[in-house]
Amino acid sequence: MNDLDGINALVTGGSQGLGRALGLALGRAGARVVLVARHAEPLAAVVAEIRAAGGEAHAIAADVADQEAAFKIAGQAAALVGPIDLLVNNASTLGPVPLRLLLDTDCEDLERALAVNLVGPFRLTKAIAGPMVLRGRGTIVNITSDAATEAYARWGAYGASKAALEQLARIWAAELGDTGVRVLTVDPGEMDTRMHADAIPDADRAQLGDPARVAARILALVRAPVAGTPPGARIAVSSAPLLTVEGS
Amino acid sequence: MRPATSYPDRRDDVRLLVIDPAAPASDGIRETRTPALPELLAAGDLLVVNDAATLPAALPGRDPAGAAIEARLVAASAPGAGGKGGEGGEGSERSERSEGGDRGDRFWAVLFGAGDWRARTEDRPPPPPLPVGARLDFGPLAATIAGRSPLSPRLVELRFDRAGDALWSALYAAGRPVQYSYLAHDLPLWAVQTVYAARPWAFEMPSAGRPLSWEILLALRRKGVRWASLTHAAGLSSTGDAALDAALPLPERYDIPAATVRAVTETRARGGRVVAVGTTVVRALEGAARTAGGVLRAGPGTTDLRITPDFRPQIVDGILSGAHAPPESHFALLAAFAPPALLAAAAAHAEAAGFLTHELGDAMLILPGALAPAAHAALP
């Protein structure tokens, strides 16, 4: 289905898990895909996979937590494909695993979680949403987790960073409400990814979502008309057939 | 005027000198601040901005003998010239090159000898004599001198040793924005971007748009002022070579979206004013119209239009610009928008009032009717 033909998409955390699945799905749908991840080699492998399937893909090796990175990523991406139409803030860190109780969490680990999961997406959104507003169109998707809304023991740093990301997204949406730029927060549910295995090594993988199916559902949201999703909506996307939209 | 040596506390709150060529001669100049911009434009006006992001265009490097040099990129080579750059086909309204990325590996660059940004550009030594074919080492990437301009031995065409993803990664790793000796500190990449910067086509910041914040842009829109954008590859403002400086600006590429052409046409048809943010926007709009017999057409192009005091704009009614005074070359460009006596009075006012000039400085708005009574009353 080439219905995203000519869309320029930037996905962070693109070398594995959901980011990789999104890259592959976007490439198949005809989008020009720019993937960002810290490590060049696994990223190059995903780009090669997208190109082998006939898609257009580019790699930017960068750490979204680096405060110099946002304008470098935005500049390189726009040089490679043109102004960005879709930004997916997908990169995130759990912090050290096994996950620790808050009383045992180093302050630096909390700061790192905030830098990757909150401040990095803020910087990148700032660099990319401006030209979207000027052109009157664009979609920004923030990937969150139920750890943002449920108080799971040992998920303190990650959960707090994702809760803040969600609130930031609601405020982005409120401020950009009539500009044509849409901001969504997507909870992909528990997926069969390396990140999940790091967090919960003994999980039953058969019970976990398939990142490819989750990616397909996220693209369905991207394709949906702006009016179809309330601004700032937090959307729970599991790989089950139904979507659940929690109030805006 | 003195140059601003650092950032203002807020990018969108600098001094603004309003110059109204349609006002009575004794009443054509008012001083305010940039947050008043929404009061100075009227519903039905159109603000056109240059959405080019600013490149890290200054590359420190070494020549084949190991001597320090610096290359400042000044233009992407014409599509087709670089072998990999011309796949889009020039001239089509929505060509690959226009909508997609820059895949070429060649740029024109001005070379400098040893030194850094603390030395004024005009005081920097020239590069050592370097033949076509010489290989320059820029750390994460290298380039070969592929050609030389008849304008100056400093102006060379560089062919980088990579293209596409690898070239852009290396350029953003090796390069820094062009720096200015009158600043108290160096300029990081974020500091040379406008709030709407998209494709990195500008080799120096299109700085007229620097004071525009979303607070101001959204207030303009609430008032009924429309925005539109184009992309124009602003080149270098200074090269340290008098002969080359005299030839500036070099031909620069632009891309005008169809939506911008529609907005300009509708604005003019309804009697609104087209306000260009910076001379790069003037060059793109007026240059494009000139090549098509006065009709503005959408799409990519290259313009060698020079705005001189006797230039009469066909598309643009007014300009938001940085603050300039004689003998700056930019000041002469403003004469296309206001009579010499009014501009001289404005420059004298700016000078006496201590306005700051250059990239991080204060601003000027030249717009017929800006000081008409309705707008006038709203000024602080």
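Two residues are in contact if their C-beta atoms, placed from the backbone, lie within 7 Å. By that rule, residues 24 or more positions apart account for 74% of the contacts in chain B with a separation of 6 or more.

The model is predicted: local features need pLDDT of at least 70, side-chain atom pairs count only at pLDDT 80 or more, and totals for chains, interfaces and linings use all residues. Residues are numbered from 1 along each chain as its sequence is written, while chains are lettered from A and ligands numbered from 1 in the order in which they are written.

Chain B has ten helices and 17 strands (DSSP runs numbered from the N terminus: helices are H or I, at least four residues; strands are E, at least two). An open sheet in chain B has nine strands in the order β3-β2-β17-β15-β13-β4-β11-β12-β14, with mixed pairing; two strands pair if DSSP finds at least two bridges between them. Its edge strands, β3 and β14 of chain B, each pair on one side only. Strands β2(B) and β3(B) run antiparallel and are joined by five bridges, and Leu16(B) has Thr32(B) as its bridge partner in β3(B).

Along its principal axes, the C-alpha trace of chain B spans about 65 × 45 × 35 Å.
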